[in-house]
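Subject: Structure for your review

Dear colleague,

Please find below the structure that I am handing over to you. My findings follow directly after it.

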Amino acid sequence: MPRLSVIVPVHRVQGFLRECLDSVLAQSFTDWQLIAVDDRSPDRSGEILDAYAARDPRITVLHLEENAGLGPARNAALPHATGDHLLFLDSDDTLTPGALRAIADRLDETGDPDVLVFDYVRAHWWGGVRRNALAHVLARTGAAPGGVFTAAEHPEILELLMVAWNKTYRRDFVERHGFRFPPGYYEDTPWTFPVLLTAGRIAALDRVCVGYRQRPTGSILSTTSRRHFDLHEQYRRVFSYVDEHPELAPWKPYLHRKAGEHCLDVLGKPDRLPPADRAEFFRATARLLREHRPPGSGTGSAPKVLRLPYAAYLLGRRAAAVRRRAGGPAARLRTVAAECAGRAWQFAHRRRPLDRELALYSAFHHRGVLGDPAAIHRAARELAPHIRGVWVVRPEHAHQVPEGVEHVAPGSRRHLALQARAAWFVNDVTWPWMPVKRPGSVHIQTHRGTPLKYQGADLRTRPGARQGPDVPRMLRRADLWDYSLVANRHSERVWDRAFPCHFTSLRTGSPRNDVLVRGDTARGAAARARLGIPAGHTVVLYAPARRDHVRGGHVEPFDPARLAADLGPGRTLVVRLHPSLADGPARGLGLAELHRRGVLVDATDEPHVEDLMLASDVLVTDHSSLMFDYANLDRPIVVHADDLAAVAASRGLYLDVTAEPPGRVTRTYEELAALFASDAWRDEESARLRARFRAVYNEFDDGRAAERVVRTLMLGEPVPAAAAPADRAAAAALPAPATGRDDLLQRS
C-alpha cells in the first residue's frame, strides 16, 4: 500500500500535462501512486496519460465516458486510491522538487494527521513567482504543541486559500466521513470547509510544495460565464453540512461572513460574470445570506453592502472607481508636494550653519545598524564621543536598532532637518531624498565589500543587470562622495572606473572586517550558541550570491539537505541566502523546513554576517563578494563555480576567481561532496591559494580600518597607512581577470 495517492483530474491541458506528470515522476520520494482521470478531454491529454502509464506502473489512468467536471473527476479516482493519504494535484500545476519527501516526513512527524496543510507559490505565465502572502500562518501553526491542532484552536488556518490541492487528507478519515466533491464551479468550497472543521488533527508544513500556475486564459477563474452562480449552491452545501452537525454551529457566523466576502469578490472581478447578470448575482447572494443568517445575529455577519439595493452597491463601486482614478494623479501631486515641502524644509535648515558634531549613518538601503557604517559608528562613539551619530532606518527595521542608538525614518521631517545640517555622511549605498552637497560636509562611501560583479557605469551594456539600472542617476549620487574606502588596489581601480566622479580613494581597509582580522572569538561563540550549533562541530557556511540574470534571483545548484547529510557527523551546515531573498519563495522551497527539522541552520535572518563568518570554519560560496571578507579569517574557502560562465556573460565579472581562487574550486555537486569527504578543502594547496588571495585582496585590512576613518576624517589626526603583513606584501600581481585581460584598464 503506497504512502501517498496523487489524484490528477485532466481536461484540455495537453500543453501543461507533461510538466505536471514529470514533476511527480522526478520526486525523490517514490512510495506513491498516481491516478490520472481523463475527463473526456477533447485534446491529446488522454494519449499523453496512456503513454506515461505504459512507462510507469505506479500510474493508473481512468477515461471517463462523459465530461463530468473537476469535482466528479476527482471523485472517480477515490475508489482506486490505496494510499494512506490523498493529494489532489491540478493538471496544469506542478510539485516542487522534494515536495513529496517533505510531505511524507511531516506526516510521520505529526502521527498521520487528518489533514496536512502546506504552502504554494503562484507561478505567473510571464515568469514571475510569488509566494503565498499568508505563509507565516503555516510557520506559526506548525509550531503547535505536538505539531497538530484543530480549526477551533487555530482559526487562522481557514484564512489560507480554500482549495483542495494545498493539503493532504488521511484516506480513512475521508472515507469515514464520506467526503466527496460536488459538481460545478467552486467545488473546493463545500469540500474544504467541512473537512477542516471536522478534522480532529490538523498539521502544517511551512514549505512550498506546489507551483500554482496562473494562466491568462483557459482556467475557471479566467472564464466569463453564468456558471459562477454555482458559488451560491456550493455555500448552501456548506451551510447544510453545518446544520447536520450541531457541534459545528458556532462556526455559522464565520461562514456567513466568508460566504458574503467570497461572493462579493467574484462579483467585483471584471472577467467572471457577464455584465447583464451582475445584478442577478448580487440579489442571489443577498438571498443566500438571508436564508442562512445565523440565529441571534440580528442583521447578520455578512458585509453590510449586501443589505442595500444593487443600485446602491453599483453607485458605491463607481464612486470607488472614480476615487481610484483620481487617486493616481492626486497621489503624484501629494508626492510632489511632499518633496517640495521637504526641499523647503531642508532649505530653511540649510540657512543655519553646519553642525560639525552631527553625523548621519545609513546601511543596506536603511535596513539597520549594519556593515561598514556600523563599524565606523562604533569607533566614533569611542574616539569622538562629541560627534552625535544618527541612523536613517526604515520603520519596519527599527526594532533591530540597538538600545541607545538614535535613529530616524527616511523622508521624515526630522530626517530632512538632520540631513540639511549634518557635517558627516556615512553610507554603503545611497541616500534617500538625495541631499544637496553643502560646502564643508563630508560624504564617506564605504561600499559593501570588494567588487566582483560589474558596478556603476560598467552595467550599461550588461543584459543581466537587474531592473535596468539608472546609471546617470547612480553617477549623480556618486558625485556627492568625498571619500571612497577601499580594502585593496583592485577595489580602488574598480570604483574609479565604475564611478568616474570627483572623490578621493582612501586605502583604509574595510571597517566591518576589523572584527574578522582580530578574530573575535567571543562573537563567534555567541553566534554558535544563538544558532544552536553543538559544541565541537565543524561549521560549513554556505553563502550563495543573488543571480541577477534569473527571475527571482535564486538558483539552487544542489540539494542543501544532501550536502548536510554528506558532510557527515560532527559537521553543521549553515545556509545564508542573500538578504534580498529573505522574504521571497527561495526559503519556502525547503530551507525553512530543513531548518525546523534540524537538518541544517537557516541563518538568512541573522543581521550581522560578520558573526556568521566568525562562527564558521569554512566558507562555501560561488560569486559572492563575501569571499574577500572571509579571507581575513585565514580559514578555508571553497568556490563552487557551477554557473560562473552564465554570470560573467549576463552581469559581468571583473576577474575570474577560478583562475587564482581563494581555495579549492568545484563545478559539480559530486566534486563538492568529494572535496569534503577527502578533507582536501583544508589541505596545503588550499592554504597556499588562500595566502596568495589574502595578500592581494586583504591588502589594507589590518583591524584598524574604522579607527583610521574616524581619526583621519572626523578628528583630522594623521594616522599611518595600513600595515601590510609579510605574506600579503609578497603578492605582486592581481588574479587573472575573467576575460583574460585587465577589464579595468583596457576595456573601452
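The notes below go from the whole chain to its cores, then to a sheet, and end with a single residue.

Please bear in mind that this is a predicted model. The protein has 748 residues, of which 54% are buried. Its secondary structure comprises 27 helices and 23 strands. Among contacts between residues at least 6 apart in sequence, 75% join residues at least 24 apart.

Nonpolar cores

The largest nonpolar core holds 64 residues, and the members that touch the most others are Trp191 and Leu255. Helix α9 (residues 252–268) gives the most to this core, contributing 7 residues. A further core of 37 residues lies apart from it; Val10, Leu34, Ala102 and Leu107 are among its members. As for Trp191, once its neighbours within four places in sequence are set aside, its contacts are Phe88, Ala164, Tyr169, Val174, Phe179, Arg180 and Phe181.

The six-stranded sheet

An open sheet of 6 strands runs in the order β20-β19-β18-β21-β22-β23, and the pairing is parallel. Its edges are formed by β20 (601–602) and β23 (664–666), each of which pairs on one side only. As a general point, strands of a sheet pair through backbone hydrogen bonds, either parallel or antiparallel.

On one side, 2 bridges join β19 to β20, the two strands running parallel. Within this pairing, valine 574 has valine 601 of β20 as its bridge partner, and valine 575 has aspartate 602 of β20. β19 is also joined to β18 by 5 bridges, again with a parallel course. Here valine 540 is partnered by leucine 573 of β19.

How many of the residues of β19 are buried? The count is 5 of 5, so that the strand is mostly covered. Both faces of β19 contribute: Arg571, Leu573 and Val575 are buried on one side, and Thr572 and Val574 are buried on the other.

β18, helix α18 (residues 560–566) and β19 make a right-handed β-α-β unit. β19, helix α19 (residues 591–596) and β20 likewise make a right-handed β-α-β unit.

Alanine 648

Finally, alanine 648 belongs to helix α22 (residues 644–650). Is alanine 648 buried, partly exposed or exposed? Alanine 648 is partly exposed, because its relative accessible area of 26% falls between the limits of 20% for buried and 50% for exposed. Leaving aside neighbours within four places in sequence, alanine 648 is in contact with Arg462 and Leu653. Arginine 462 is 186 residues away from alanine 648 in sequence, yet their C-alpha atoms are 9.5 Å apart in space.

With kind regards

How values were computed
Residues numbered from 1 in each chain as written. Predicted model: local features only at pLDDT ≥ 70, side-chain atom pairs only at ≥ 80, totals over all residues. Heavy atoms only, no water. Core = buried A, V, L, I, M, F, W, Y, C linked by side-chain atoms within 4.5 Å. Buried < 20%, exposed > 50% of the residue type's maximum accessible area, 1.4 Å probe, protein only. Helix = DSSP H or I, 4+ residues; strand = E, 2+ residues; numbered from the N terminus. Contact = heavy atoms within 4.5 Å. Pairing = 2+ DSSP bridges. Right-handed = clockwise from strand over helix to strand, strands pointing away.
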